[in-house]
Amino acid sequence: MTTSQGRVPPQTTDGGSRGARTQGARTPDGADPKAPGRAKALHRRLAELRGPGVPQRPLDARALAALAANPGCDRRALLDGAGVDKGALAEALGAPASFGQSQFAFVRGNAFEAQVKADGGAELIRLLCARTGEEPPEADGIAVPDLAADGPAGRAERTRLALTGAPEGWSLLDHPMLALEVAGSLAYLEPDAIAVHPDGTCTVIEIKSFPILDGAADPAKVGAAARQAAVYALALDGLCTVREKALLVCPKDFSNLPTAARVDIRKQRATTRRQLGRLTRVEEIAAALPEGASLDPSAPVSELTASVESVPAAYAPECLASCELAFHCRDRARSQGAVEALGRATRGELGGLTTVTEVLAAAHGPASPDDDPATTALRRAARLRAEALVEGGCAPGAVPEPESAKEASPCR
């Protein structure tokens, strides 16, 4: 169904039209934002946790995607919601992160994006039309609204007005600003671009510097781009109808020529919506902190460590690729013998056994009719290992030497 101007009325997540809901930031489950008084109190509390004069670090789509992948981690939810610089915090705790985008890759990515957008968005729209089968417009037939404003809130409002009042034909929003409430804290997100089709629907555009070689790209990088696009799609709920596929623009083969592929983000969008909805609200986490807690990296190490440790974490080896505080959390998990350090899959298989000590005791303890399936499986594995060692000439309980060892005995 179209309006009198020929546009499809933007649909909300509950199937209504745009007018059925108040405009502005929304939670993934469609709940209304908190009362202004609560928002101000939370803002003051988070500013106190960051420390006097410490600016708030913006929460971007990459961080939101990582947060959605581990919704049980209250520590990350609080740090991201408060805008704490996790890299500086990890360095202050003595466990600095050793990952991140290189300066060379950053400069290369910016140069490629500037090249793709150099003609007022005509190349981006041409790439999109080549994948959708739509007729590309003339170069001067693309509206590029001015989204400049003071502060992220002002830019988000300009973006909202540009989306809700887009003229007939094609529009391209260059670095728009979107607002999304996550766990009770407002996040401002900045996609590379959003294309508004003549029918009023929107396509999220992600511009990346990794190449598409012979029509294929690194699956891990494509998956990360899809998760980021899904976050942007959630933030667009209530502003426009977002198409199910995002446009990924990358260099072609080993050249600097742009090519594009459409990436289905339905699964990532549904998963991210569900995971973000499971997050404990930031104000609840902050309220449980002890008196005088501080997350200011300039605070004394002992005080800082106590404050960080007072917030529950849900460490998993996957955190090493997405969280600056992962090395600190890994050290704590290992020192406590937590099975989480072995991976989520292993943790799930072990049931109620939460430490390595408990696992070893269950594997070598006497059998009991009350044993759960995990304990039974551990005892069987321990028995099979002992039998294999005996058959290999090792004494029970011995550990086989590595193949590279030069000793005559295969055991130690």
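I looked up D85, and at 31% relative accessibility it counts as partly exposed, a term for values from 20% to 50%, with buried meaning under 20% and exposed over 50% (1.4 Å probe, protein chains only). The model is a predicted one, where local features need pLDDT of at least 70 and side-chain atom pairs count only at pLDDT 80 or more, while totals for chains, interfaces and linings use all residues. Residues are numbered from 1 along each chain as its sequence is written, and side-chain values use heavy atoms, with hydrogens and water left out.

Which residue forms a salt bridge with D85? I found R57, with the closest N and O atoms 3.5 Å apart. I noted the rule too: a salt bridge is a side-chain nitrogen of Lys or Arg within 4 Å of a carboxyl oxygen of Asp or Glu. D85 lies in the loop between α3 (74-82) and α4 (86-92), and R57 in the loop between α1 (36-50) and α2 (61-69), so the pair ties together parts that are 28 residues apart in sequence. R57 is partly exposed as well, at 44% relative accessibility.

**Entry: other salt bridges**

I searched the whole structure and got 23 salt bridges. One of them joins the side chains of E206 and K208, at 3.4 Å from N to O. Are these two buried or exposed? E206 is buried at 2% relative accessibility, and K208 is buried at 15%.

R281 and E283 also meet through their side chains, at 3.2 Å from N to O. Here R281 is partly exposed, with a relative accessible area of 26%. I also wrote down a network of salt bridges that links R76, D80, K86 and E324.

**Entry: the whole protein**

I counted 15 helices and 8 strands. These are DSSP runs, numbered from the N terminus: helices are H or I with at least four residues, strands are E with at least two. The protein has 412 residues, and buried ones make up 43% of them.

For contacts (heavy atoms within 4.5 Å), I took those between residues at least 6 apart in sequence and found that 61% join residues at least 24 apart. The protein exposes about 21000 Å², with carbon and sulfur atoms supplying 55% of it; the areas come from the Shrake-Rupley method with a 1.4 Å probe, and for residues only the protein chains shown count as cover.

**Entry: nonpolar cores**

A nonpolar core is a set of buried Ala, Val, Leu, Ile, Met, Phe, Trp, Tyr and Cys residues joined through side-chain atoms within 4.5 Å. How many residues does the largest one have? I got 72, and L64, L78 and L236 have the most contacts inside it. Helix α8 (residues 219-235) gives the largest share of this core, 8 residues. Apart from it lies another core of 18 residues, among them C129, I142, L172 and I205.

I then followed L78. Leaving aside neighbours within four places in sequence, L78 is in contact with L46, L49, V282, I285, A286, L289, L295 and V311.

**Entry: helix α2**

Next I checked α2, where 7 of the 9 residues are buried, so the helix is largely enclosed by the rest of the structure. The buried residues are A61, A63, L64, A65, A66, L67 and A68. What covers them? I found that the cover includes α3, β3 (178-182), β4 (185-189), α8 and α9 (266-278).

**Entry: L147**

I found L147 in the loop between β1 (142-143) and α7 (151-164). This leucine is buried, with a relative accessible area of 7%. Not counting residues up to four places away in sequence, L147 touches R155, R158, T159, A162, L173, D174, H175 and P176.

**Entry: cysteines**

I looked for disulfides, meaning pairs of cysteine sulfur atoms within 2.5 Å, and the count came to 0. C129 is buried at 3% relative accessibility, and C250 is buried at 0%.
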